[in-house]
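I opened my notebook to record what I looked up, one topic at a time. The entries below follow the order in which I worked.

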Amino acid sequence: MEYLLMLVSIFFAVTNNCLLHRLPSSTFRTPGDIYFYNGCMNGGWLILIGAFSLITGDFAISWESVIFGVIYGMMLVVFLLSKSMAMVEGPVSLTTLIGCSCFVICTIFGAIYAKETVNLFQIIGMLLLLVGLFLCVNPKKGDQPLTPRWFLYVALFFIAGGLGGILYKIFGQTDSGHMFNSMLFFAALTASSLFLVLSFAINRKAKAPKPSIPASARPSLLLCSFVSCVYIRMNLSLSNMIPSAIFFPICNGGIILLSTLVGIVLFKEKLQRIQILGIALGLLAIVLNGCSGLLMKLILP
C-alpha cells in the first residue's frame, strides 16, 4: 500500500510543478501578489491539515513541534516563493532536476553533524550530479532561455529544500518526531502569516493597490494548495515507512522523469541533446546515491 501512496505523492508533486509553471509572470499585477498567492496557499494547508487531524484524531502538540513548525514555516517562505518563481521563469524539467537534487545538502550534513559514512557510490553520485547540472544549466543551450533571475530562484529553491530535509532529520530524532500534523500546522500558520504581511508591506511601500488573486489564478491556487499539502504530508510519513534506499531514489527520480515528460508533451519544451544527457546523469546520480548502501553490500559482502 505504501508504494501505491508513493506513486500518488510523485503524481501530486509533478502536478504542483506544472500548475506553478503555467502561471505567467503577467498573472501578478502588483509586486505583492505573488506573496499574497503563497500566503493564501498556505492558508489552505491550515484547513486541510486541520480537517485531516480531526478525521484521524492525531493532533498532539509539544513545545518541540511548535518551535520546529515555526522554523519550518520560515523555511517554507523561501522554499515556496523560490520554487514558484523558478517554475514561472524557467523550464519545468531543469528546475525540477535541481530541486530534487537537494539531497546532496542532507548528505553533507549527515556526514559532518551526524557522523554518517559517505561511501564510494555516494561520492560518485554527487560528482555525476555536478556534471549533470553543469550540462543542464548552460544558458546557451535549450529552447527556453535561462535568465539570471531563474538562476537566483533555483539556487534558493535548492538550498531551501536541502535545509528542509535537515530540519526533518533533526525533528525526527526528537521525542516529538511523530507529531507531523501539529508541526506542519504551525509551519503553515507561520508561512501564511509571513507571506500575507509581506504582500501588504511590499505593496504599501510601492504605493500599489492591495494585493489580490486574479480570477484566472484562483483555480490554480486551490489546486496548488491541495496537491502541495498532500504530497508533503505523505512524504513525511512515507520516508519513515519505506527504506531510504528505495524511497528517495524512486521518489526523486520519478519526479524528474515525469516532469521531463510533461514538460516536453504539455509545454513543448525542447531540450538539446547535451541537456538530455545532463538530466540522465542527474537521474543516475540520484539513483546511485539512494542505492549506495545496497551497491556497497554487493561489492563488499
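What follows are my entries, beginning with the ground rules and the overall fold.

**Ground rules.** I am working with a predicted model, in which local features need pLDDT of at least 70 and side-chain atom pairs count only at pLDDT 80 or more, while totals for chains, interfaces and linings use all residues. Residues are numbered from 1 along each chain as its sequence is written, and side-chain values use heavy atoms, with hydrogens and water left out.

**Overall fold.** I looked up the elements and found 12 helices and zero strands in the chain, where helices (H or I, at least four residues) and strands (E, at least two) are DSSP runs numbered from the N terminus. The chain's radius of gyration is 19 Å, close to the 19 Å that the globule rule gives for 301 residues, so the chain is as compact as a globular protein of that length. This radius is taken over C-alpha atoms, and the rule is 2.2 Å times the number of residues to the power 0.38. Along its principal axes, the C-alpha trace spans about 65 × 50 × 35 Å. I also noted that buried residues make up 53% of the 301 residues; buried means under 20% relative accessible area, exposed over 50%, and partly exposed in between, with a 1.4 Å probe and protein chains only. Of the contacts (heavy atoms within 4.5 Å) between residues at least 6 apart in sequence, 89% join residues at least 24 apart.

**The salt bridge.** How many salt bridges does the count come to? I found one, taking a salt bridge as a side-chain nitrogen of Lys or Arg within 4 Å of a carboxyl oxygen of Asp or Glu. The partners are E89 and R149, whose closest N and O atoms are 3.1 Å apart. E89 lies in helix α3 (residues 63-89) and R149 in helix α7 (residues 148-172), so the pair ties together parts that are 60 residues apart in sequence. E89 is buried at 11% relative accessible area, whereas R149 is partly exposed at 48%.

**D33.** I next turned to D33, which is placed in helix α2 (residues 33-56). D33 is buried yet has no salt bridge, and R29, its nearest side chain of opposite charge, is 4.7 Å away; here Lys and Arg count as positive and Asp and Glu as negative, with His and the chain ends not counted. What joins the side chains of D33 and T30? I found a polar contact of 2.6 Å, meaning a pair of N or O atoms within 3.5 Å, where within protein one must be able to donate a hydrogen and the other to accept it, and residues adjacent in sequence count only if both atoms are side-chain atoms. The side chain of D33 also reaches the backbone nitrogen of S212 at 3.1 Å.

**C251.** This residue sits in helix α10 (residues 244-265) and is buried, with a relative accessible area of 3%. C251 and I10 are 241 residues apart in sequence, but 6.2 Å apart in space from C-alpha to C-alpha. Beyond its neighbours within four places in sequence, C251 is in contact with I10 and N235.

**T190.** I placed T190 in helix α8 (residues 180-205), where T190 counts as buried at 16% relative accessibility. Leaving out neighbours within four places in sequence, its contacts are G69, V70, G73 and M74.
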